[in-house]
Amino acid sequence: MPYTQETVTPYARGDKTAQVEQMFNNIAPTYDRLNHRLSLNIDRGWRRKAIMQLAAYKPQHILDVATGTGDFALLAAHMLKPTRLTGIDIAEGMMEIGRQKAAAAGLQDVIDFQRQDCQQLTFADDTFDAVTAAFGIRNFASLDKGLAEMCRVLKPGGHLSIVELTTPVSFPMRQLFWLYAHTVLPVYGRLVSRDTAAYTYLTRSIEAFPQGERMMEILKKAGFTEASFRRLTFGICTMYFARK
């Protein structure tokens, strides 16, 4: 039985993967500006905390899933100093911006961007020391398949670090988040990105996505032996950490 989040799509026609690809290619030019403004730049701190979960393990070969415009990949390259980092996404428009940012930072020889479907990765088993994903797994057409693939390509003993938007669970942040997500976020997103559906989809996908203890069960079902989570900024965002 699919998770509710898997039935939430940005547009009316086509399978979810194709719709998500179209959406992110549409909003790629304004994606970074919107993300930072809508989160009041708090998203930068969330990424940093998620990367710090890996610092003690010194991963040398990292896979960044749903890499988008490469913000998480670039920050991980700066903070962790891996010898190689591969960023994957289905939206070429997003990754082209990531390639430009990597070149501007002098990291084009460290970070490689590839178009890949997270549900059917082409990498061999046990390839990466660490796998990361920032604000992307709720877009998976099949959460179980995507996480199982991330586990498959991770070396035994390797770690997964995820940061994802979530719905606060406590009063009054739950109510304040609902108000913000259903008014400010879609209106401002529509004005800047010109994509009416994209930021309405964002709210719906956050609300439908399994979180907290439920995600622990899903990660273990995917093959991870250990899993933990930590809510950030009153539960607006959640970090997950798992070991193969």
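Predicted model: local features only at pLDDT ≥ 70, side-chain atom pairs only at ≥ 80, totals over all residues.
1. **Salt bridges overall.** Let's begin with charge pairs. Side chains of opposite charge can pair when their charged atoms come close. How many salt bridges does the count come to? The count comes to 14 salt bridges. A few of them are picked out in the next points.

2. **E21 with R115.** This salt bridge has its closest N and O atoms 3.1 Å apart. E21 sits in helix α1 (residues 16-38), while R115 belongs to strand β3 (residues 111-115), so the pair ties together parts that are 94 residues apart in sequence. Are these two buried or exposed?

3. **R47 with D43.** Here the N to O distance is 2.5 Å. Both R47 and D43 lie in helix α2 (residues 42-52), four residues apart, which is about one turn of the helix. An α-helix has 3.6 residues a turn, so residues three or four places apart point the same way. As for accessibility, R47 is buried with a relative accessible area of 7%, and D43 counts as buried at 3%.

4. **R138 with E164.** The side chains of R138 and E164 also meet in a salt bridge, at 2.5 Å from N to O. R138 is found in the loop between β4 (128-134) and α5 (143-152), and E164 is in strand β5 (residues 154-165), so this pair ties together parts that are 26 residues apart in sequence. Both R138 and E164 are buried. Beyond this pair, there is a network to look at: salt bridges that share partners join D32, D71 and K101 into one.

5. **The buried side of α5.** Which residues of α5 are buried? They are L143, G146, L147, E149, M150 and C151.

6. **α5 against α9.** These two helices pack at an angle of about 60°, with their axes 9 Å apart. That angle makes α5 oblique to α9. α5 passes α9 in a right-handed crossing. Which residues meet here? From α5 come L143, D144 and L147, and from α9 come M215, I218, L219 and K221. Two of the α5 residues at this meeting, L143 and L147, were listed among the buried ones above.

7. **α6 against α8.** Now for another helix pair. Helix α6 (residues 173-182) packs with helix α8 (residues 198-208) at an angle of about 150°, and their axes are 9 Å apart. At that angle α6 is roughly antiparallel to α8. On the α6 side, F177, W178, A181 and H182 take part, meeting T203, I206 and E207 of α8.

8. **Aromatic pairs.** A pair of aromatic rings is described by the distance of the centres and the angle of the planes. A search of the whole structure finds five aromatic pairs. One of them is F229 with Y240, a tilted pair at 6.3 Å centre to centre with 40° between the planes. F229 is in strand β6 (residues 226-232) and Y240 in strand β7 (residues 237-243), so the pair ties together parts that are 11 residues apart in sequence. F229 is partly exposed at a relative accessible area of 26%, whereas Y240 counts as buried at 1%.

9. **T30 in α1.** Back in helix α1, have a look at T30. T30 is buried, with a relative accessible area of 12%. What does T30 touch, not counting residues up to four places away in sequence? The contacts are V192 and S193.

10. **A55 in a loop.** Finally, A55 lies in the loop between α2 and β1. A55 is partly exposed, with a relative accessible area of 27%. How are A55 and E6 separated? Their C-alpha atoms are 32 Å from each other, with the two residues 49 residues apart along the chain.

Note on methods
Residues numbered from 1 in each chain as written. Heavy atoms only, no water. Salt bridge = Lys/Arg side-chain N within 4 Å of Asp/Glu carboxyl O. Buried < 20%, exposed > 50% of the residue type's maximum accessible area, 1.4 Å probe, protein only. Phe/Tyr/Trp six-rings, centres within 6.5 Å; stacked < 30°, edge-to-face > 60°. Axes fitted to C-alpha atoms, helices over the stretch in contact; angles between N-to-C directions. Parallel < 35°, antiparallel > 145°, perpendicular 65-115°, else oblique. Left-handed = near helix turned anticlockwise from the far one by under 90°. Contact = heavy atoms within 4.5 Å.
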